[in-house]
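User: I'd like to walk through this model with you, from the overall fold down to one residue. Can you take my questions one at a time?

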Amino acid sequence: MKKHLLRWGNLYYSILSCLAVVAYAMLHLIVYKIDWIKYETNRNYYVKISKLMSGGLMRISGNERQINSLFLISVFLIGFLIAFGIFIYAYRTFYARTYTPLLPMFGYLVPIFYAYGLSSNSITVLALCYPLIIVGGIISAAALKSLY
């Protein structure tokens with residue numbers, strides 16, 4: 001069971017965290033209900049909602065290029081720790097030595113530490129990082145097949 005989790009852990013967690021982030025974004029869409037009729041008729045409401053939507057749904061306060069949600073930060077840190085643990089274990093065993101767990105590890109770090117120049121808001125960065133994380137999990141699982 002331990003070797004099974006070491007091989008498939010990155011892929012399992014990347015898919016679960018992707019579903020959790022999508023559910024979190026959908027929850028924000030439900031919570032921030034926008035009255036579209038008022039949006040078209042009231043100028044003050046239009047300006048307020050336009051400012052909220054320009055920063056993306058993940059930003060509640062602060063810099064629009066920074067993720068402020070404790071839930072999202074914890075999802076990314078746990079993913080980083082899982083990928084780092086698998087990398088350390090795979091690097092220490094001679095027959096399964098590989099650097100492929102570094103791909104999802106890098107993918108989990110980018111949304112936490114990106115600052116300027118990558119995109120206009122955090123949803124774009126998440127959309128760019130999750131393919132890297134999931135493909136890294138698939139490649140990592142394929143590279144660690146020698147654990148069996």
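Analyst: Here are some questions and answers on the chain, a helix and a residue.

User: What pattern does the protein chain follow along the sequence?

Analyst: Keep in mind that this is a predicted model. The secondary structure comes to 6 helices and 0 strands. Read along the sequence, then, the pattern is α-α-α-α-α-α.

User: How much of the accessible surface belongs to carbon and sulfur atoms?

Analyst: The protein chain has 148 residues, and 39% of them count as buried. Its accessible surface comes to about 8,900 Å². The share of that surface belonging to carbon and sulfur atoms is 71%.

User: Which residues of α5 are buried?

Analyst: Helix α5 covers residues 102-113, so 12 residues at 1.5 Å a residue give an expected span close to the 16 Å it reaches from first C-alpha to last. Buried here means under 20% relative accessible area. The residues of α5 that pass are Pro 104, Met 105, Gly 107, Tyr 108, Val 110 and Pro 111.

User: Which residues is Ser 140 in contact with, leaving aside its neighbours within four places in sequence?

Analyst: For the chain, take contacts with a separation of 6 or more: residues 24 or more positions apart account for 71% of them. A contact needs heavy atoms within 4.5 Å. With those close sequence neighbours left aside, the partners of Ser 140 are Asn 10, Thr 100 and Pro 101.

Conventions: Residues are numbered from 1 along each chain as its sequence is written. This is a predicted model: local features need pLDDT of at least 70, side-chain atom pairs count only at pLDDT 80 or more; totals for chains, interfaces and linings use all residues. Side-chain values use heavy atoms; hydrogens and water are left out. Helices (H or I, at least four residues) and strands (E, at least two) are DSSP runs, numbered from the N terminus. Buried means under 20% relative accessible area, exposed over 50%, partly exposed in between (1.4 Å probe, protein chains only). Accessible areas come from the Shrake-Rupley method with a 1.4 Å probe; for residues, only the protein chains shown count as cover.
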